[in-house]
Amino acid sequence: MPDSCASVLVQRCPACFAGNTFGRPLHGGGDIHVATDGNFHHRHQRSAGSCPQFYDPIYFIPKIQVDEVGHRIQRARKWAPKRRHAIVPDEAIDQCEVSYDAADGNKQKAAMDCFDDTRIMVLICRHDIPLFFANIDTPSEQQKYSIALIEHLFSFLPPSATVIVLYDVGCVLARSLEKVC
């Protein structure tokens, strides 16, 4: 079992990922702190086409990977929700969900007919260093983007690593995960 992070993470932030001791419990602060959020100002114009064949966008996770997470979420939503003990009342989480434009699928930040990617979702470390990006190609900031980024991060970490994720609508994401996990 590997006891160190993949070199891609060590290259991006040695302060966060160059260590080899993992397994600090969450109540002890965890091993790694990351944050994720959408950026509504970065768009890709459809008429510009794809990037050149010689360019490998190493920071961006593939659309197919994000879409597969979306398909898994859709399948999971068809299951009966698991019983859970809510620490935060559902009413409070509902209020949080409606207070964010990004979580509102009825609001559109950019004209989908002009842009193929209307925003980006980013995962950064505690030092504000970008780790990975995902193009947002739907009208709202769906959970599939943040989950895909977090899963991608875990694919480069030792199994014993504990990660704390900060997200402005993390309470909504946590409730969704509690219902199916």
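**View 1. Buried residues along helix H5 of the predicted model.** In H5, the buried residues are Gln143, Lys144, Tyr145, Ser146, Ile147, Ala148, Leu149, Ile150, His152 and Leu153, in a model that is predicted. Helix H5 is thus shown as a mostly covered element, with 10 of its 12 residues buried. From its first C-alpha to its last, H5 reaches 17 Å, which is close to the 16 Å expected at 1.5 Å a residue.

View 2. Ser146 is located in helix H5, which covers residues 143-154. Because its relative accessibility is 0%, Ser146 counts as buried. A polar atom of the Ser146 side chain lies 3.2 Å from the backbone oxygen of Gln143, and Gln143 is itself among the buried residues of H5.

**View 3. The largest nonpolar core.** This core has 28 residues, and those with the most contacts inside it are Leu9, Phe17, Ile32, Leu131, Phe132, Leu153 and Leu157. At least two residues of the core are supplied by each of helix H2 (14-17), strand E1 (32-39), helix H3 (63-77), strand E4 (119-125), strand E5 (130-136), H5 and strand E6 (163-167). The most is given by H5, with five residues.

**View 4. The surroundings of Phe132.** When neighbours within four places in sequence are left aside, Phe132 is in contact with Leu9, Arg12, Tyr59, Ile61, Met121, Val122, Leu123, Leu149, His152, Leu153 and Phe156.

Methods
Residues numbered from 1 in each chain as written. Predicted model: local features only at pLDDT ≥ 70, side-chain atom pairs only at ≥ 80, totals over all residues. Heavy atoms only, no water. Helix = DSSP H or I, 4+ residues; strand = E, 2+ residues; numbered from the N terminus. Buried < 20%, exposed > 50% of the residue type's maximum accessible area, 1.4 Å probe, protein only. Polar contact = N/O pair within 3.5 Å; in protein donor to acceptor, adjacent residues only side chain to side chain. Expected span 1.5 Å × (residues − 1). Core = buried A, V, L, I, M, F, W, Y, C linked by side-chain atoms within 4.5 Å. Contact = heavy atoms within 4.5 Å.
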